[in-house]
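This report looks at two residues and their surroundings. Please keep the sequence and the structure in view while reading.

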Amino acid sequence: MGRRTQRVAAMATVAALLGVATHARGARWTEEDFAHRVPVTYQFSGRGDREQTVTGALNTYTIEPGDTLLDIARHFDLGYNEIIAANPGVDPWLPPPGEVIIIPTEFILPDGPQQGLVVNIPEMRLYYLRGGTFTTYPVGLGRDDWRTPTGSFKVRGKTENPTWVIPESIRAEHIRERGDPRTSIPGGDPDNPLGPYRLELTLPLYMLHGTNVPWGVGMQVSHGCIRFYNEDIAVLFREVHVGASGEFVYQPVKIGMRDGVKFIEVHPDMYGLRSDLEQEAETLLSKRGWQDDVDRERVRKALREQTGLPVVISRERLMQAAVR
């Protein structure tokens with residue numbers, strides 16, 4: 001049995017022991033299927049004795065003929081980055097039927113605002129928090145040469161079927177790379193990268209919008225804006241009001257707790273802005289006063305592997321006490 005097969009088998013066993021749901025039904029979903037997908041709403045509570053900032057659950061799925069990892073990711077509201085990181089070595093376009101893959105639908109909330117919109121850039125995921133509940137969506141972000149910035153913002157406007165007025169810098173790129181001199185693309189045009197809905201932000205030049213290339217969600221493909229699956233931005237468009245606050249944060253390392261058990265979640269430092277992720281983890285643990293409560297080898301292993309999956313880091317004796 002290979003290392004990856006052992007890993008998947010072990011994770012499936014853990015899922016069964018924890019009572020986590022698994023999925024094994026057919027796939028090959030249609031656009032109509034995706035359009036009717038209902039986002040999951042999670043509950044959380046902030047820091048303190050009752051902290052519950054780790055939510056969701058690990059799932060598994062058995063590949064069927066005709067499946068692609070991209071369709072599976074979209075069905076479970078995951079980005080390309082998440083499904084690939086959780087299942088290294090599996091061909092995204094031709095995964096072998098019968099293969100059991102990990103569905104990484106377990107999350108640690110970013111450190112920061114507990115109300116409004118929070119985009120964690122290294123995670124390529126947005127959290128919409130309100131009243132102790134949240135929904136979360138995968139996003140596509142800016143390429144390395146068009147980096148999505150950090151900073152606070154408010155939603156200043158909402159547009160259905162927006163026309164894309166092409167910025168001169170991007171138009172120059174289009175002319176140079178493919179001889180396309182257009183200055184705008186109307187709403188509803190298949191070439192319009194904004195999709196059916198757009199939320200305009202007070203942060204200049206940036207917006208939340210749909211896409212005409214759904215497999216770009218979870219990739220660094222944009223000129224800095226935040227791309228959603230069209231079914232996800234449709235929900236946000238209905239729910240988020242003009243004036244809502246938000247923030248872009250850069251947190252490749254997150255820590256959190258559920259039922260007294262402590263976790264860490266590590267993502268690649270996609271823009272190379274952190275020189276020492278181990279020190280970043282240490283700073284977060286010190287901030288919570290958890291330095292003496294965690295297994296250091298588990299922390300180091302998570303920092304090395306950077307799977308994007310929440311990993312238990314509580315010491316064994318503390319975990320045993322928590323479940324009594």
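## Terms and model

A polar contact is a pair of N or O atoms within 3.5 Å; within protein, one atom must be able to donate a hydrogen and the other to accept it, and residues adjacent in sequence count only if both atoms are side-chain atoms.

The model is predicted, so local features need pLDDT of at least 70 and side-chain atom pairs count only at pLDDT 80 or more, while totals for chains, interfaces and linings use all residues. Residues are numbered from 1 along each chain as its sequence is written, and side-chain values use heavy atoms, with hydrogens and water left out.

## Asp232 and helix H6

Asp232 is part of helix H6, which covers residues 230–239. Helices (H or I, at least four residues) and strands (E, at least two) are DSSP runs, numbered from the N terminus. Asp232 has a relative accessibility of 1% and therefore counts as buried; buried means under 20% relative accessible area, exposed over 50%, and partly exposed in between (1.4 Å probe, protein chains only).

The side chains of Asp232 and Arg37 form a polar contact of 3.2 Å. Leaving out residues up to four places away in sequence, Asp232 is in contact (heavy atoms within 4.5 Å) with Arg37, Asp77, Tyr137 and Pro138.

H6 is largely enclosed by the rest of the structure, because seven of its 10 residues are buried. Among them are Ile233, Leu236 and Phe237.

## Gly187 in a loop

Gly187 sits in the loop between strand E10 (184–185) and strand E11 (197–201). With a relative accessible area of 30%, Gly187 is partly exposed.

Pro162 is 25 residues from Gly187 in sequence, yet their C-alpha atoms are 4.8 Å apart. Apart from residues up to four places away in sequence, Gly187 touches Asn161, Pro162, Thr163 and Asn192.
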